[in-house]
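Student: I have this chain open and would like to talk through how it packs. Could you start with any term I need before we look at single residues?

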Amino acid sequence: MEAPVAGIDVSKDKLVVYFQGKFYEFPNDNQGFEGVKRLLPKGCKVGIESTGIYHINLAKCLVGEYDVRVINPLVLKKFKDFRGKKSDWNDAKKLAELVVNMGSEFATSDARELTSQWDFVVKDIVRVKNRLRRDLTLLGYNDSLSKKNLSEVLKGKDSVVLAEVKFLLDQLERLEARKREIEEGLEDLVPKDSLIFTIPGIGKTLGSIILARVGDVRRFVDKRKFVAYCGLDPVVESSGKSVVSRGVSKRGDAVLRRAFYLAALSAIRVNPVIKRFYEEHKSRLKGKKLIIACARKLAVITWAVLYYNKPFDANE
């Protein structure tokens with residue numbers, strides 16, 4: 001017998017459940033989760049729209065007893081019948097209709113949470129470094145963050161700008177220490193023998209991040225779906241005989257996109273396939289566009305290695 005299906009629209013404060021032709025409303029808290037569990041039979045397929053962090057606790061509560069599917073809001077937006085006035089009730093109903101054939105199994109773990117923290121910390125490190133360079137220029141020094149240059153800066157006369165430099169250096173030290181802790185934790189939580197680590201350019205940290213974000217790669221039946229999930233699928237506009245590339249869609253996983261971008265910077269130097277791809281395309285693509293194209297190529301290689309369970313082979 002086919003398992004019954006439910007759709008749940010999630011907002012910060014409430015849950016709207018559509019099940020067997022009826023709507024039910026619960027608070028988005030532990031009491032509401034228990035209400036949902038009393039309503040839905042075990043084994044039920046449950047479609048939940050991904051809504052920032054507000055769906056996560058509900059999904060954690062249901063996973064194990066239910067077949068939980070988290071659906072990207074963009075899928076709802078593209079759904080051909082999803083038109084007219086948007087409402088929580090309509091969303092819940094469409095989620096139930098979508099979940100039969102669409103969506104991905106919900107997966108959450110300490111590893112995935114650490115990747116989110118890593119992305120947050122990396123962005124903060126970049127922000128702090130950029131501010132430091134700005135302050136060094138204001139103080140009349142070059143903007144190098146080398147120990148030698150910073151040592152000279154700190155010997156300078158006290159000023160409001162130098163006070164900020166000292167504050168930012170303390171902040172940077174804490175951020176980089178936390179980044180190291182996160183990376184060590186990630187490496188302990190993912191399989192150390194994964195074939196992703198046979199791909200030149202993908203080291204322990206970025207490989208761990210990719211594994212934690214992707215989960216089971218077998219849910220991506222072809223490379224295009226995987227590339228789109230990584231937010232690296234190209235946006236192409238055509239008009240008459242002209243076809244213009246508008247970069248990447250950026251609709252996928254932002255953390256994965258950043259990880260593949262950083263890995264591509266290394267792969268250009270050490271991965272023979274990516275290095276050859278870089279050389280073949282550098283006359284047509286420049287700067288960041290070329291790196292993104294290399295990141296997309298690296299994502300395809302990663303999908304093939306993991307999907308077919310074969311080590312990287314530069315000759316294939």
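Tutor: One term first: a residue is called buried when its relative accessible area is under 20%, and exposed when that area is over 50%. Please also keep in mind that this is a predicted model.

Student: Okay, is Asn149 buried or exposed, then?

Tutor: Asn149 has a relative accessible area of 10%, and because the cut-off for buried is under 20%, Asn149 counts as buried.

Student: Where is Asn149 placed, and what does Asn149 touch?

Tutor: Asn149 has its place in helix H6. Leaving aside residues up to four places away in sequence, Asn149 touches Leu136, Tyr141, Asn142, Asp143 and Ser144.

Student: Staying with that helix, at what angle do the axes of H6 and H7 cross?

Tutor: The axes of H6 and H7 cross at roughly 140° and come within 10 Å. That angle makes H6 oblique to H7, and the crossing in which H6 passes H7 is left-handed.

Student: Which residues make the contact?

Tutor: From H6 the contact is made by Leu150, Val153 and Leu154, while H7 brings Leu162, Val165, Lys166 and Leu169. Sorted by class, the residues of this contact of H6 with H7 are six nonpolar, no polar and one charged.

Student: I also marked Leu175; which helix is that in?

Tutor: Leu175 is found in helix H7, and with a relative accessible area of 12% Leu175 is buried.

Student: What does Leu175 touch?

Tutor: Not counting residues up to four places away in sequence, Leu175 touches Val121, Asp124, Ile125 and Val128. For Ile125, which lies 50 residues from Leu175 along the chain, the separation between the two C-alpha atoms is 6.5 Å.

Student: Changing topic, which residues touch the most other members in the largest nonpolar core?

Tutor: That core has 61 residues, and the ones touching the most other members are Ile199, Ile210, Phe226, Leu232, Phe260 and Leu298. At least two residues of this core come from each of helices H5 (110-138), H6 (147-154), H7 (160-189), H8 (204-214), H9 (223-229), H10 (254-270), H11 (272-281) and H12 (287-307). H12 gives the most to this core, contributing 12 residues.

Student: And what are the contacts of Ile210?

Tutor: With residues up to four places away in sequence left out, Ile210 touches Ile196, Ile202, Leu256, Ala259, Phe260 and Thr302. There is also a second, separate core of 18 residues, and among its members are Val36, Leu40, Ile48 and Leu62.

Student: At what angle do H8 and H10 pack?

Tutor: H8 and H10 pack at an angle of about 150°, and their axes are 10 Å apart. Angles over 145 degrees count as roughly antiparallel, and so H8 is roughly antiparallel to H10. The crossing of H8 and H10 is left-handed.

Student: Which residues meet there?

Tutor: On the H8 side they are Leu206, Ile209, Ile210, Arg213 and Val214, and these meet Val255, Leu256, Ala259, Phe260, Leu262 and Ala263 in H10.

Notes:
Residues numbered from 1 in each chain as written. Predicted model: local features only at pLDDT ≥ 70, side-chain atom pairs only at ≥ 80, totals over all residues. Heavy atoms only, no water. Core = buried A, V, L, I, M, F, W, Y, C linked by side-chain atoms within 4.5 Å. Buried < 20%, exposed > 50% of the residue type's maximum accessible area, 1.4 Å probe, protein only. Helix = DSSP H or I, 4+ residues; strand = E, 2+ residues; numbered from the N terminus. Contact = heavy atoms within 4.5 Å. Axes fitted to C-alpha atoms, helices over the stretch in contact; angles between N-to-C directions. Parallel < 35°, antiparallel > 145°, perpendicular 65-115°, else oblique. Left-handed = near helix turned anticlockwise from the far one by under 90°. Nonpolar A, V, L, I, M, F, W, Y, C, P; charged D, E, K, R; others polar.
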